[in-house]
Amino acid sequence: MASPTSLDDGGRTRTWVPDWPCAPAQVLRPQRRGAGDPTQRHEESGRIWRAMRTPTGPASLCIQPRPSTGDVLGRAWGPGAEWALDRMPSLLGADDDPTGFEPHHPEVAAGWSRHQHWRIGATGLVMEALLPSILEQKVTGKQAFGSFRELVRRHGEPAPGPVASLRLMLQPTPAVIASIPSWEWLRLGVQPAQSRTVVTACRLAASLERITQVSHEEADQRLRTVRGIGVWTSAEVRQRALGDADAVSYGDYHLANWVGWALVGHDITDDEMAVLLEPYKPQRGRAAAMAMAGGQSRPRRGPRMSIPTHLPTR
């Protein structure tokens, strides 16, 4: 990746050449919490804008894929611009190594044959992933996305750089979130159980951010020591913040049944899904995604909740 250079508007720029056909929009889809997410904007031109609270300060990052030259142009503004550009390859999946992934089911093989270039990005930002994941516990995606959107708009702040027309916003700081009164959480549509977990996590934010420095197994254990954070929330965070290809969101409203229909043609339990995915360790999350990409879909019937955004398109 070329060294960063300065822009006339105070920003920084850097060009990165991936060694595989990188599709930034696909990699970054899991980081976006609904079409109205004020922290991440996708333009029809293919450019993606992200607002981040990095360890060195706020940053706005614009990612522009350039298929004609096979590279990705990154531009960033704010105190965290340098950090954001340094992390851009990891954000776009450069650290996700699928070496050794071997399909054990024909459906997984079919998905893998169509999506061999699918990668799991890692933001390196734990609280960024944890806050919306807690809000998504036991509610529909539409409800959670709405609560997150309003939380950012009411308590966040404008992102740095030339992004006013995009209305790009930073998530509130952990200190601000921890000070939000109970009645305000209810106005945001967040139930007491979720708001208590959010506030507890924000008070532990500094230590939680350090899980990027330990193994994925240790990160899972540390996350789940926080009251209100279980297997599902931990997996959702590790997928996004750490790029953990082995993270499986057990306890998800849909996941086991979707994997079941893809691999065996009927609904299954989490325990049965665990057995089916065990041969794929340490890439069980990748296996689940490839199974759903290559197998049959579950019939549309019964209660519905939102479709997850961390899976490749069929």
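User: In the hairpin of strand 5 and strand 6, which residue takes a positive phi?

Analyst: Strands here are DSSP runs of E, at least two residues long, and helices are runs of H or I of at least four, both numbered from the N terminus. In this predicted model, glycine 70 takes a positive phi near 75° in that hairpin, which has four residues between the strands. Residues are numbered from 1 along each chain as its sequence is written. Local features need pLDDT of at least 70, side-chain atom pairs count only at pLDDT 80 or more, totals for chains, interfaces and linings use all residues, and side-chain values use heavy atoms, with hydrogens and water left out.

User: How many bridges join strand 5 to strand 6?

Analyst: Two strands pair if DSSP finds at least two bridges between them. Strand 5 (residues 57–66) pairs with strand 6 in the antiparallel sense over seven bridges; leucine 61 has alanine 76 as its bridge partner in strand 6. Strand 2 (residues 12–16) also runs antiparallel to strand 6, joined by five bridges, and alanine 76 is the partner of arginine 12.

User: Is strand 6 buried or exposed?

Analyst: Buried means under 20% relative accessible area, exposed over 50%, and partly exposed in between (1.4 Å probe, protein chains only). Seven of the seven residues of strand 6 (residues 71–77) are buried, so the strand is largely enclosed by the rest of the structure. One side presents Asp71, Leu73, Arg75 and Trp77, the other Val72, Gly74 and Ala76, and all are buried.

User: What percentage of the protein chain counts as buried?

Analyst: Of its 314 residues, 53% count as buried. The chain has 14 helices and eight strands.
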